[in-house]
Amino acid sequence: MDDPRDEPLLPAPRGPLSRAVTTYLRGAGPLPSEAEVAAAPVYGEDLQLALYLCYELHYRGFADVAPTLEWDPDLLRTRAAMERRFLAALREDAPRHDSVDDALAGILVEPVDGTGVSHFLRDKGELWQLREYAALRSLYHLKEADPHAWVLPRLRGRAKAAMAAVEFDEYGGGRADRVHARLWADLMTDLGLDTTYGRHLDAACAEALVTVNLMSLFGLHRTLRGALVGHFATVEITSSPGSRRLAEAMRRTGAGPAAEHFYDEHVEADAVHEQVVRKDVIGGLLEDEPELAPDVAFGVAATVFTEDRLGDRLLADWGEGRSALRTPLSQEVTHGS
């Protein structure tokens with residue numbers, strides 16, 4: 001987080017699509033063809049990394065990429081082709097709900113016998129698995145709240161005021177040391193992880209890239225503002241109970257006080273945020289634009305779908321005792337050393 005460069009280097013490509021995008025960003029070759037975009041598996045490593053690279057230009061960018069490429073027309077056309085495939089797949093694969101209430105019903109009640117990642121980490125996760133989880137989640141948490149901030153100019157009235165209030169908390173309530181991205185960096189420090197922004201992109205599996213790309217897809221398109229609100233609501237509703245379990249996992253493994261504090265903070269804050277988002281952000285949006293209800297429901301469903309895919313990948317790998325990362329974490333720095 002305190003790296004003076006503040007911009008990551010481009011990652012290694014994972015196939016012809018991401019190789020062509022990387023080469024173009026360096027000014028050394030053409031963008032991929034439409035046929036190449038059409039041929040790449042939509043949830044695969046290659047397309048998802050290529051899309052991530054395009055989106056990242058709207059956040060911190062890359063140290064070896066010209067900032068002016070953020071709005072490069074040819075790059076935007078390529079990004080749009082990938083987005084069309086991604087969005088079509090999500091609409092096909094995410095569960096369908098009759099209403100927003102129906103979509104939310106599945107996440108408002110905690111299952112008696114939960115089997116997700118946070119349950120696993122609380123009950124039997126080891127420190128190396130918590131480190132991997134933190135590295136993967138750093139792709140979002142080191143820019144926590146930023147993808148959701150895109151929706152603010154697209155809301156009005158009660159929805160905008162409530163969304164801004166929640167985002168204000170995410171950004172530390174005006175205190176730099178309480179910005180949630182800063183708290184996540186402190187958690188990573190406790191776990192002996194490099195906190196440089198983008199440092200763990202090469203290690204992240206496609207399923208993790210999908211979860212971050214989903215936020216950017218929804219956030220960067222005004223037509224998907226309802227889906228972004230649905231995504232945000234899902235995050236806030238599921239955060240408090242999940243954070244409680246992860247805080248217990250951090251305590252049980254002796255991860256460190258900052259690691260515990262990040263999740264303890266979210267248990268308290270997100271329990272309040274959930275009510276504000278449901279009543280005022282969703283309620284205010286649908287009061288102004290009731291026609292967006294199907295989009296809000298889709299945002300909820302797509303979020304659950306993509307998070308479940310990541311959870312299945314992590315649990316499958318960890319259940320076999322193997323790393324869920326594409327490249328192993330350095331073991332040179334550990335907590336307490």
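**Salt bridges, helix packing and the nonpolar core**

In this predicted model, D177 has a relative accessible area of 44% and is therefore partly exposed. Its side chain meets that of R175 in a salt bridge, with N and O 2.9 Å apart. R175 is also partly exposed, at 46% relative accessibility.

The structure holds 22 salt bridges. One of them joins R326 and E45, with an N to O distance of 3.7 Å. This pair links distant parts of the chain. R326 lies in the segment after α14 (293-319), E45 lies in helix α3, and 281 residues separate them. R326 counts as partly exposed at 40% relative accessibility. E45 counts as partly exposed at 23%.

A further salt bridge pairs D186 with R182, whose closest N and O atoms are 3.1 Å apart. Both residues sit in helix α10 (residues 180-190), 4 residues apart, so about one helical turn separates them. D186 is partly exposed, at 26% relative accessibility. Salt bridges with shared partners also join E207, R313, D317 and R322 into one network.

Helix α3 (residues 45-56) also packs with helix α1 (residues 16-25): their axes come within 7 Å and cross at roughly 25°. The two helices are therefore roughly parallel. The contact has 9 nonpolar, 2 polar and 2 charged residues. From α1, the residues involved include L17, V21 and L25; from α3, they include L49, A50 and L53.

The largest nonpolar core has 106 residues. L25, L121, L187, F218 and Y263 touch the most other members. Beyond four places in sequence, L187 touches A134, M250, A258, A259, F262 and Y263.

Key. Residues are numbered from 1 along each chain as its sequence is written. This is a predicted model: local features need pLDDT of at least 70, side-chain atom pairs count only at pLDDT 80 or more; totals for chains, interfaces and linings use all residues. Side-chain values use heavy atoms; hydrogens and water are left out. A nonpolar core is a set of buried Ala, Val, Leu, Ile, Met, Phe, Trp, Tyr and Cys residues joined through side-chain atoms within 4.5 Å. Buried means under 20% relative accessible area, exposed over 50%, partly exposed in between (1.4 Å probe, protein chains only). Contact means heavy atoms within 4.5 Å. Axes are lines fitted to C-alpha atoms, for helices over the stretch in contact, and angles run from 0 to 180 degrees between N-to-C directions. Angles under 35 degrees count as roughly parallel, over 145 as roughly antiparallel, 65 to 115 as roughly perpendicular and the rest as oblique. Ala, Val, Leu, Ile, Met, Phe, Trp, Tyr, Cys and Pro count as nonpolar, Asp, Glu, Lys and Arg as charged, and the others, Gly among them, as polar. A salt bridge is a side-chain nitrogen of Lys or Arg within 4 Å of a carboxyl oxygen of Asp or Glu.
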